[in-house]
Amino acid sequence: MARIEYLFKVLKKYLNNTEKQCPFCKGGGFSLIGKKYFLLQLLKCNTCKLMFRYPTEEISENIKFYQSEYKEGMTTKLPDESEFQECLNTCFSNTEKDFSEKIKIIKLFKSNGKVLDFGCSWGYEALQLQNNGFDVTGFEISKSRTDFGKNKLGLTILDDYSLLHSIKDESFDIVFSNHVLEHLPSLYSIFEMFYRLLNRNGYLIIFVPNCSGIEKHEVFNAKKSYAFGEKHTMAFDNLFFKQNLSRYGFEVKCTSSPYDINNLFNKEESPYDTEYSELFVLCRKVS
Ligand SMILES: [Zn+2]
């Protein structure tokens with residue numbers, strides 16, 4: 001959506017007095033962390049410490065946005081036949097969708113097993129996981145990207161939350177979510193579902209933009225920030241995951257890019273920076 005159209009939509013929400021409610025814990029006390037384009041706010045929940053964009057949006061608005069309006073490089077642009085063959089021939093190397101480093105990280109914890117790729121787009125990472133010995137089921141709300149992954153890549157991809165909810169308990173060894181959570185309209189009940197779907201000692205593996213220490217960032221420039229905007233509804237720091245996910249029965253570890261594969265969790269975590277860094281969250285189901 002053009003920015004101006006989006007800002008009109010946001011303005012309408014203000015006029016309608018859209019309720020301020022935390023999209024994770026449903027709490028109602030907040031601090032203002034940042035502002036963007038006069039109308040967008042980054043709020044931090046006083047209860048669970050989630051940072052989220054206000055105004056928030058409904059699930060139906062979010063699903064509509066991800067059908068056709070969302071544009072993000074190779075994530076949303078379906079490759080034509082020659083681009084597609086090139087991706088297959090080169091295993092996506094030299095593209096923004098080369099997942100070899102992330103697959104090496106995943107293999108430190110599980111070398112095979114059943115994976116749910118939550119927010120799999122057209123299947124570029126699911127395919128690479130499959131080629132590395134994993135049995136992958138994808139989940140994606142965009143119908144066109146789901147169809148491409150199913151028809152061209154032969155993947156199993158679910159395209160509706162009701163299908164995810166109908167999967168039986170403890171069906172997966174890994175739930176993998178790569179740059180997806182920061183796009184969701186709500187986190188309410190999502191971690192319960194991931195917990196339910198995982199086997200005991202299974203892993204929830206999350207990659208999101210790193211917003212750890214954003215409040216301390218001296219030159220926090222909200223306009224240029226990747227922390228929040230039309231696409232990014234939430235901003236995550238390591239403390240949010242450590243504080244909240246352990247309550248579900250997960251053992252939680254966090255680190256940030258650049259990754260030292262031999263020393264993942266013993267290096268010092270990078271703080272938020274305006275250029276970009278990534279947060280890696282590893283949650284093992286222990287109880
Ligand atoms: Zn909250």
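Analyst: A residue counts as buried if 20 or more other C-beta atoms lie within 10 Å of its own, as exposed if 12 or fewer do, and as partly exposed in between. The model discussed here is predicted.

User: Is Leu7 buried, exposed or partly exposed, and why?

Analyst: Leu7 belongs to helix α1, which spans residues 3–15. Around Leu7 there are 16 other C-beta atoms within 10 Å. A buried residue needs 20 or more, and an exposed one has 12 or fewer. Because its count falls in between, Leu7 is partly exposed.

User: Which residues does Leu7 touch, not counting residues up to four places away in sequence?

Analyst: Lys20 is 13 residues from Leu7 along the chain, and their C-alpha atoms are separated by 18 Å. With residues up to four places away left out, the residues that Leu7 touches are Tyr37 and Leu39.

User: What is the handedness of the crossover from β7 to β8?

Analyst: Strands β7 and β8 (residues 198–209) pair in the parallel sense over 6 bridges, and Phe172 is the bridge partner of Leu198 in β8. Between these two strands the chain passes through helix α9, residues 190–197. This β-α-β crossover is right-handed.

User: Which residue in β11 stands opposite Ile205?

Analyst: Strand β8 is also joined to β11 (residues 278–285), and these two strands run antiparallel with 7 bridges. In β11, the residue opposite Ile205 is Leu282.

User: How many residues of helix α6 are buried?

Analyst: Helix α6 covers residues 124–131 and is mostly covered. Its buried residues are Tyr124, Glu125, Ala126, Leu127, Gln128 and Leu129. Among the elements that cover them are α5 (100–107), β4 (113–118) and β7 (172–178).

User: Which residue with a positive phi follows α6?

Analyst: After α6 comes a residue with a phi near 95°. That residue is Gly133.

Methods
Residues numbered from 1 in each chain as written. Predicted model: local features only at pLDDT ≥ 70, side-chain atom pairs only at ≥ 80, totals over all residues. Helix = DSSP H or I, 4+ residues; strand = E, 2+ residues; numbered from the N terminus. Contact = placed C-beta atoms within 7 Å. Pairing = 2+ DSSP bridges. Right-handed = clockwise from strand over helix to strand, strands pointing away.
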